[in-house]
Amino acid sequence: MNRDTRITWINRLLLPLLNILTAFAVTAVVFWLIDVNPIEAAEVLLYGAFGYEEGIGYTIYYTTNFIFTGLAVAVAFHAGLFNIGGEGQAYVGGLGAGLAILFLDPTLGAWVFIPASIIGALVFGGLWALIPAYLQAYRGSHIVITTIMFNFLAASLMVYVMVHVLRETGQMTPQSELFPTNSWMPFVHDVAAGLGYSIEASPLNLSVLLALVCAVLVWFFLWQTRWGYAIRATGKNGTAAVYGGIKPKRIIIVVMCISGALAGLVSINELVGYQHRLIMDFHLGYGFGGIAVALMGRNHPLGIIVAALLFGTLYQGGAELAFEMSGISRDIVVVMQGLVILFCGALEYMYRPWLIRHLAPVDQQQETAGVTA
Amino acid sequence: MSDIFLTVLLTLDATVRVSTPLILAAMAGLFAERSGVVDIGLEGKMLASAFAAASVAAVVGSPWAGLGVAVIVSCALAMLHGFATITHRGDQIVSGMAINILVGGLTIILGLAWFHQGGLTPALNNDSRFLSITLPYAEQLAYIPVLGPIYKELISGHNILVYLAFAVVPMVWWVVFRTRFGLRLRAVGENPTAVDTAGLSVIKLRYKALLVGGVLCGVAGAYIATAHNAQFTRDMTAGQGYIALAALIFGKWRPLTVMLACLLFGFLDALAVRLQGVIIPGIGEIPVQFIEATPYLLTVILLAGFIGRAIPPKASGMAYVKER
């Protein structure tokens with residue numbers, strides 16, 4: 001193997017693997033710090049996530065959310081943009097889905113409701129990202145700061161709307177009225193029952209298919225279309241892209257709208273699929289979780305699905321862990337997310353110089369040849 | 001008349017209390033960004049040090065011990081940020097985000113394991129908190145019209161960390177604009193290559209700036225948990241790190257204007273609490289959410305260049321690569 005192929009292997013496989021392992025190892029240290037046997041904890045966690053049908057249902061249900069937000073972050077990453085606002089976009093997307101359902105005639109069929117709610121989520125999520133995108137492209141404000149601000153603005157807006165506008169009459173809790181039954185995204189256990197199979201009830205609904213379709217579409221869009229090429233070119237080298245005739249301002253707008261729209265779809269899984277009403281804080285943690293998923297999945301749809309499954313497993317398994325063992329809570333998943341973002345993101349190249357020195361050292365001959373040339 | 005006057009005074013008094021951690025955190029951010037390192041991790045550092053301060057104060061019974069450990073924890077996180085972004089040239093936003101998320105989970109996990117109170121730390125009694133100090137003659141002077149109540153309600157009766165925060169601002173101004181370290185700090189944030197050419201270490205300067213920020217965030221966290229409140233609760237910084245970041249931008253990276261921005265944002269916060277459910281004649285009830293959202297809205301509008309222009313230090317956000 002020559003040196004270049006070795007470096008490719010280091011970058012593509014060894015480095016990501018080592019980074020993940022480091023994140024896991026540090027999580028194990030945290031377990032040890034709080035006096036929990038990491039192996040025992042892992043057993044409980046895996047049983048909770050995959051040990052019984054309902055658990056599996058929950059795991060895939062959470063995975064669906066992470067696929068949406070992971071894709072959202074990844075699309076923006078490919079254009080060199082960091083969309084930290086997935087949290088707010090998912091929340092406002094929920095408003096879009098909710099409004100679409102609540103304002104339609106409740107006697108309509110599912111074939112109107114479900115597309116309408118999806119479009120509502122896409123449009124509202126996308127619009128919530130469009131403003132920061134516009135400000136970045138045409139007014140020069142930094143997208144990271146504006147999207148952070150828009151997360152807080154989304155929270156305030158949603159509290160206002162829930163408390164003053166959409167609150168169910170006669171209720172104290174700020175939540176909308178129940179969506180009409182025919183607007184619900186079908187549960188997987190209901191669909192299976194219709195086909196003659198019986199599985200335990202769980203929140204898992206057909207949104208998971210929507211997530212997989214989105215993953216394929218994102219792959220197709222980024223790697224098979226002219227727009228995707230322009231996006232990736234901008235992300236790799238903005239100046240070169242401009243020379244190639246690509247208009248970066250338009251790219252920013254398009255990419256952020258797609259990113260926000262994808263984040264908005266979290267609400268389809270959470271609200272249209274399970275809660276069946278607009279509730280407060282249904283989105284909490286998924287937007288930021290998407291960053292970890294995208295980094296771990298190397299911004300590729302396939303990697304994102306795998307990473308999302310890992311976080312879905314941790315989320316559901318973490319709930320089981322909190323239930324089974326005292327002195328631990330689901331927040332261990334948040335710790336893990338933080339560590340993944342740290343080691344797969346910020347410290348991505350920590351091991352690189354060391355690996356290259358040991359596994360792909362500069363050839364003596366090549367070096368001298370390079371000097372004389 | 002005197003009723004309205006007293007209400008105004010009490011609102012301003014609350015403003016001072018709410019602004020204190022914002023000022024400390026914003027000054028921390030000022031050091032980092034002036035040196036060329038964007039620090040989104042202010043929130044995480046404050047949260048971690050709030051937890052550290054509350055835990056140590058609860059166990060040891062001294063707020064000063066809590067403050068000390070809080071500063072150490074916050075500095076350790078600042079060094080982690082430096083290790084990732086300065087030494088390994090990792091993305092500064094990603095690193096800051098990682099710290100915020102990591103701390104958000106870790107404080108709960110450790111709190112649960114150590115104190116078994118659902119992630120809270122034990123409530124602190126008065127001996128293990130920073131208590132308000134009554135300045136000399138506050139009672140005697142209270143009878144003097146206007147100035148007396150101002151002295152008694154607004155200036156006197158805060159804890160030591162509040163006075164410290166307001167003392168820090170002119171110190172930061174002096175350090176940044178009047179000392180050799182400050183000159184180098186500003187230079188390294190604008191043009192690191194020039195600093196490097198002059199024979200100074202860009203890396204060392206940036207680490208130093210982060211360390212100063214770590215100390216300030218540690219104090220801010222200790223204030224939140226052991227002075228403003230009396231225990232650690234889940235996510236108790238509640239976005240104040242991000243508001244401090246907004247204030248830093250709003251104040252255009254200058255200590256005095258940043259402090260004013262913090263006071264403005266703190267005032268809006270205090271106002272939101274006071275206006276809850278109040279009906280103003282002619283306008284009706286102002287939704288609290290609207291006032292709460294104002295700092296963020298103002299920052300977005302400012303950043304978009306509609307009111308003035310906010311230009312960050314030129315090299316902020318970029319890792320420095322030494323030329324060979």
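Of the 324 residues in chain B, 52% are buried (20 or more other C-beta atoms within 10 Å of the residue's own, C-beta atoms being placed from the backbone). The model is predicted, with local features requiring pLDDT of at least 70 and side-chain atom pairs pLDDT 80 or more, while totals for chains, interfaces and linings use all residues. Residues are numbered from 1 along each chain as its sequence is written, and chains are lettered from A in the order in which they are written.

Chain B comprises 13 helices and 4 strands, assigned as DSSP runs (H or I, at least four residues, for helices; E, at least two, for strands) and numbered from the N terminus. Its C-alpha atoms occupy a box of roughly 70 × 50 × 40 Å along the principal axes. Among contacts in chain B with a separation of 6 or more, 75% join residues 24 or more positions apart, a contact being two residues with C-beta atoms, placed from the backbone, within 7 Å.

At the interface, 37 residues of chain B are in contact with 41 residues of chain A. Helices 3, 4, 11 and 13 of chain B each supply at least two residues to the side of chain B that touches chain A; helix 4 of chain B gives the most, with 15 residues.

In chain A, helix 4 (residues 86–103) has 18 residues, of which 15 are buried. The mean pLDDT of chain A is 89, pLDDT being the predictor's confidence in each residue, from 0 to 100. Among the elements of chain A, helix 17 has the lowest mean pLDDT (56) and helix 8 the highest (96).

Notes. The expected span of a helix is 1.5 Å times one less than its number of residues. A residue is buried if 20 or more other C-beta atoms lie within 10 Å of its own, exposed if 12 or fewer, and partly exposed in between; C-beta atoms are placed from the backbone.
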